[in-house]
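Please keep the sequence and the model in view while reading.

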Amino acid sequence: MKVLLTTLDAVPGHRVVQVLGVVKGSTVRAKHLGKDLLAGLRTLVGGEIPEYTEMLQEAREQAEQRMVEAARQLGADAVLGVRYATASVMAGAAEILVYGTAVRLEPSRERP
């Protein structure tokens with residue numbers, strides 16, 4: 001079952017028929033020492049640090065998958081108001097949290 005994710009509070013053409021509650025997913029990630037040293041050297045010259053960009057992208061994807069699984073377990077059709085948060089938990093490690101409201105939807109009967 002596909003779960004729609006949106007930052008919106010409503011889905012156009014649908015109405016919320018049941019609010020199932022807040023769902024969330026999180027992960028804490030750190031790069032291994034070799035990549036962390038390379039990233040540290042990149043800070044000396046400035047610019048993007050691809051090692052951390054990749055790490056955070058992977059972490060967002062995993063946290064999102066965990067949130068979607070939580071929504072599926074509740075029987076949700078969608079997660080509304082999706083938000084992402086990042087926090088440093090120690091040097092070189094970050095927590096990614098994604099959360100939103102799991103809902104059941106049905107097509108609205110209103111005509112535009």
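A polar contact is a pair of N or O atoms within 3.5 Å; within protein, one atom must be able to donate a hydrogen and the other to accept it. The model described here is predicted. Its chain holds 2 helices and 4 strands, which follow the pattern β-β-α-α-β-β along the sequence.

- The chain has 112 residues, of which 26% count as buried.
- Its accessible surface comes to about 7,300 Å², and carbon and sulfur atoms hold 55% of that area.
- Among contacts in the chain with a separation of 6 or more, 75% are between residues 24 or more positions apart.

- The 4 strands form an open sheet in the order 1-3-4-2, with mixed pairing.
- Strand 1 (4-5) and strand 2 are at the edges because each has a single partner strand, so one side of each has no neighbour in the sheet.
- Strand 2 (residues 14-30) and strand 4 run antiparallel and are joined by 15 bridges; in one of them, Val 16 is paired with Leu 105 of strand 4.
- Strand 3 and strand 4 are also paired in the antiparallel sense, over 10 bridges.
- Arg 83 has Tyr 99 in strand 4 as its bridge partner, while Ala 87 stands opposite Glu 95 of strand 4.
- Strands of a sheet pair through backbone hydrogen bonds, either parallel or antiparallel.

- Helix 2 lies across strand 1, strand 2, strand 3 and strand 4, and runs at about 140° to strand 2.
- The largest nonpolar core has 13 residues, and those that touch the most other members are Val 23, Met 67, Ala 71 and Val 79.
- Two or more residues of this core come from each of helix 2 (50-74), strand 3 (78-90) and strand 4, with helix 2 giving the largest share, 5 residues.
- Another core, of 5 residues, lies apart from this one and includes Val 11, Ala 78, Val 103 and Leu 105.
- Leaving aside neighbours within four places in sequence, Ala 71 is in contact with Val 3, Val 23, Ala 76, Val 79 and Ala 102.
- In soluble globular proteins, nonpolar side chains tend to be buried together.

**Thr 27, a buried residue**

- Thr 27 lies in strand 2 and counts as buried because its relative accessibility is 7%, where the cut-off is under 20%.
- Its side chain makes a polar contact of 2.8 Å with the side chain of Gln 62.
- Beyond four places in sequence, Thr 27 is in contact with Ala 59, Gln 62, Ala 63, Arg 66, Ala 94, Glu 95 and Ile 96.

**Arg 104, a partly exposed residue**

- Arg 104 belongs to strand 4 (residues 93-107) and counts as partly exposed because its relative accessibility is 30%.
- Apart from neighbours within four places in sequence, Arg 104 has contacts with residues including Arg 15, Val 16, Val 17, Gln 18 and Leu 20. Leu 74, Gly 75 and Asp 77 are also among its contacts.
- Arg 104 and Val 79 are 25 residues apart along the chain, and their C-alpha atoms are separated by 8.8 Å.

Note on methods: Residues are numbered from 1 along each chain as its sequence is written. This is a predicted model: local features need pLDDT of at least 70, side-chain atom pairs count only at pLDDT 80 or more; totals for chains, interfaces and linings use all residues. Side-chain values use heavy atoms; hydrogens and water are left out. Buried means under 20% relative accessible area, exposed over 50%, partly exposed in between (1.4 Å probe, protein chains only). Contact means heavy atoms within 4.5 Å. A nonpolar core is a set of buried Ala, Val, Leu, Ile, Met, Phe, Trp, Tyr and Cys residues joined through side-chain atoms within 4.5 Å. Accessible areas come from the Shrake-Rupley method with a 1.4 Å probe; for residues, only the protein chains shown count as cover. Two strands pair if DSSP finds at least two bridges between them. Axes are lines fitted to C-alpha atoms, for helices over the stretch in contact, and angles run from 0 to 180 degrees between N-to-C directions.
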